[in-house]
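Here is a short briefing to read alongside the structure.

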Amino acid sequence: MAESNTDSSQQVEKTEVWTNEEFEAFIDTELTKDPLHKDYPELFKRAPKIISLWRQRYEGNAPLWKRLFKSERVLKEFIEAAPFIDSIERLVLSTELKDGEKFRIIDLACGRGYLSMFLSELLPPDRVERCILVDKQWPMHNMPPKEHHINWSHIYGSFKDSSIPHNYYDSWPVKLNTSKVNLKNS
């Protein structure tokens with residue numbers, strides 16, 4: 001799945017003109033190349049639709065989509081996370097909760113937050129309150145991201161940055177919140 005930056009950039013541009021069905025078929029084809037798809041067939045079957053939902057969410061914000069979506073990165077992140085996603089989903093669906101109780105998922109050293117983004121689309125909001133994305137590279141709460149930070153515009157959109165025309169924060173089925181924490185120094 002290794003591609004050069006030029007190949008990756010061309011792939012993003014190519015996927016921009018595809019219909020959602022063509023895009024999902026491309027993602028499905030790429031995912032089925034990985035042997036892990038045989039261990040988690042139902043999860044791998046749902047992943048193309050989830051990635052397509054992201055594409056639809058960021059439609060009209062080409063710079064953000066190009067920054068977020070590089071097929072080799074997104075697919076690698078999904079494949080690496082598949083066993084965790086499967087375990088978390090089974091736990092969330094099988095655990096008996098008391099009235100009003102909900103899970104909070106803490107995603108440590110999350111990077112851009114792909115695991116939590118997948119979980120937000122997969123898990124039932126009536127059982128999961130939020131995913132908290134913890135990483136030392138997030139900006140401090142209510143501070144704009146600087147060059148050395150992970151840019152959180154794909155999580156919050158206009159909720160934290162008025163220059164972005166869309167409020168992505170409210171579009172996540174399970175809310176995503178970032179938290180700047182250096183786990184090594186805590």
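On the surface, I106, L108 and L183 come together as a nonpolar patch, with about 290 Å² of accessible area between them. Please keep in mind that this is a predicted model.

**The surface patch**
- One of the patch residues, L108, lies in strand β1, which covers residues 103-108.
- L108 counts as exposed because its relative accessibility is 51%, and the cut-off for exposed is over 50%.

**The cysteines**
- The number of disulfides in the model is zero, where a disulfide would need two cysteine sulfur atoms within 2.5 Å.
- C110 takes part in no disulfide, and the nearest cysteine sulfur to it belongs to C131, 10 Å away.
- C131 is likewise in no disulfide, with the sulfur of C110 as its nearest cysteine sulfur at 10 Å.
- C110 has a relative accessible area of 12%, so it is buried; the cut-off for buried is under 20%.
- C131 is buried too, because its relative accessibility is 0%.

**Confidence in the model**
- The protein has a mean pLDDT of 89, and 90% of its residues reach 70 or more.
- Among the elements, helix α6 (residues 114-122) has the highest mean pLDDT, 98.
- At the other end, helix α1 (residues 5-16) has the lowest mean pLDDT, 55.

Terms used. Residues numbered from 1 in each chain as written. Predicted model: local features only at pLDDT ≥ 70, side-chain atom pairs only at ≥ 80, totals over all residues. Heavy atoms only, no water. Buried < 20%, exposed > 50% of the residue type's maximum accessible area, 1.4 Å probe, protein only. pLDDT = per-residue confidence, 0-100. Helix = DSSP H or I, 4+ residues; strand = E, 2+ residues; numbered from the N terminus. Patch = residues over 30% accessible without salt bridge, like charges linked within 9 Å, V, L, I, M, F, W, Y side chains within 5 Å. Areas by Shrake-Rupley, 256 points an atom, 1.4 Å probe, with all protein chains shown as cover. Salt bridge = Lys/Arg side-chain N within 4 Å of Asp/Glu carboxyl O.
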